[in-house]
Amino acid sequence: MPNHLLGIAELTKEELMAFVENGYHFIEVSERSIKKVPTLRGKTIINFFAEASTRTRASFEIAGKRLSADTINLGGSGTSQSKGETLYDTLQTLQAMNPDIVVLRHSGSGAPHFLARSLPRTSIVNAGDGAHEHPTQALLDCVTLYDHFKREGRSLEGLKIAIVGDILHSRVARSNIYAHGLLGNTVHLVGPPPFVPKEFETAYKGKANVKVFHSIEEGLRGVDVVLVLRMQLERHDESFISSLEEYTRWYFVSRKLLSRIAPGAVVLHPGPINRGVEVETALIDGPQSLVTKQVTHGVAVRMAVLHYLCKTQAKLSNEVGEK
Ligand code: NCD
């Protein structure tokens, strides 16, 4: 097992399932009246978020605290990066304070991978790197589906998942494609051609069973899960779509549409949601939506990730000590 969590692409199916099952078991800790276990007492976790975040940042902080670790939060504009310091120097400075884990969100694709290579004494968790990967989001989505389908006597395998929207710029989509690839599920990528090029079918060959659809009717027909994405407007450096109104006209996910072509499907959204743009408010607030559960399970799965990495470190240092 790795000493970092950089992406789902680096995991085996067994490792993915271990995170999902451990995450599932951690849900219960947050339901107690005293939501704290002593597991990571004496450990230090730095959450370094150089990009905007609400859910991911709050849930990593809560996860660390519920495991009794000492957590500190740093952000882009409040750090020496705004004075011209490089990410490498900032993180090397932080490493000198001996944290056990650094959780990093950064706009640069590959930033956590670079740090994992250059700062070998610290475990790095990727909390979203550019348009590349967002592994803990895919893990929490899997925990949510695991929990949901378990109640129906089904497992995480044999599912048909549709991901709708700006796939090209979405790290959430990429991590979910890898996760469902490991699970052997069929993934429908649905959206306009600039966001969902036909080449995606071959790009993931050998990694995931991916089918591209430019028609929402065809892409969503008969699926078990619809994962709706936000337009990643902050990552569009050219005009990808003529207008958001036009996108909404062709790719809006509504209750009426689902009741016709995928009546049993459950709906996921990583947030933040642009209500009325990519998805109907009544659907997100209705019984098919697992959005609130996703947020709750985000804390649990991040507890599982932090716990696993600290345990691996302890094992590694014992092995080094024995030699
Ligand atoms: C996502 C992200 O930042 O990649 N949000 C999240 O972490 N829950 C998705 C998004 O910003 O659209």
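Predicted model: local features only at pLDDT ≥ 70, side-chain atom pairs only at ≥ 80, totals over all residues.
Biologist: Which helices supply at least two residues of the lining?

Modeller: Helix 2 (55-66) and helix 6 (171-183) each do that.

Biologist: Switching to cavities: how many of 30 Å³ or more does a search of the whole structure find?

Modeller: One. Helix 2, helix 5 and helix 12 (291-322) are the elements that give two or more residues to its lining.

Biologist: Which helix gives the most there?

Modeller: Helix 12, with five residues. The lining of this cavity includes Gln-294, Val-295, Gly-298, Val-299 and Arg-302, along with Arg-55, Ser-59 and others. By class, the lining has four nonpolar, five polar and two charged residues.

Biologist: Now helix 1 and helix 5. At what angle do they pack?

Modeller: Helix 1 (residues 13-26) and helix 5 (residues 135-151) pack at about 65°, and their axes are 9 Å apart. That angle makes helix 1 roughly perpendicular to helix 5.

Biologist: Is the crossing left-handed or right-handed?

Modeller: Right-handed.

Biologist: Which residues meet there?

Modeller: Among them are Leu-16, Phe-19 and Tyr-24 from helix 1, and Leu-139, Val-143 and Tyr-146 from helix 5. The contact has nine nonpolar, one polar and three charged residues.

Key
Residues numbered from 1 in each chain as written. Heavy atoms only, no water. Axes fitted to C-alpha atoms, helices over the stretch in contact; angles between N-to-C directions. Helix = DSSP H or I, 4+ residues; strand = E, 2+ residues; numbered from the N terminus. Parallel < 35°, antiparallel > 145°, perpendicular 65-115°, else oblique. Left-handed = near helix turned anticlockwise from the far one by under 90°. Contact = heavy atoms within 4.5 Å. Nonpolar A, V, L, I, M, F, W, Y, C, P; charged D, E, K, R; others polar. 1 Å grid on protein atoms, 1.4 Å probe; cavity = no way out; pocket = protein on both sides within 12 Å on 5 of 7 lines; lining within 4 Å. Points joined across faces, edges and corners; volume = space filled by probe spheres on them.
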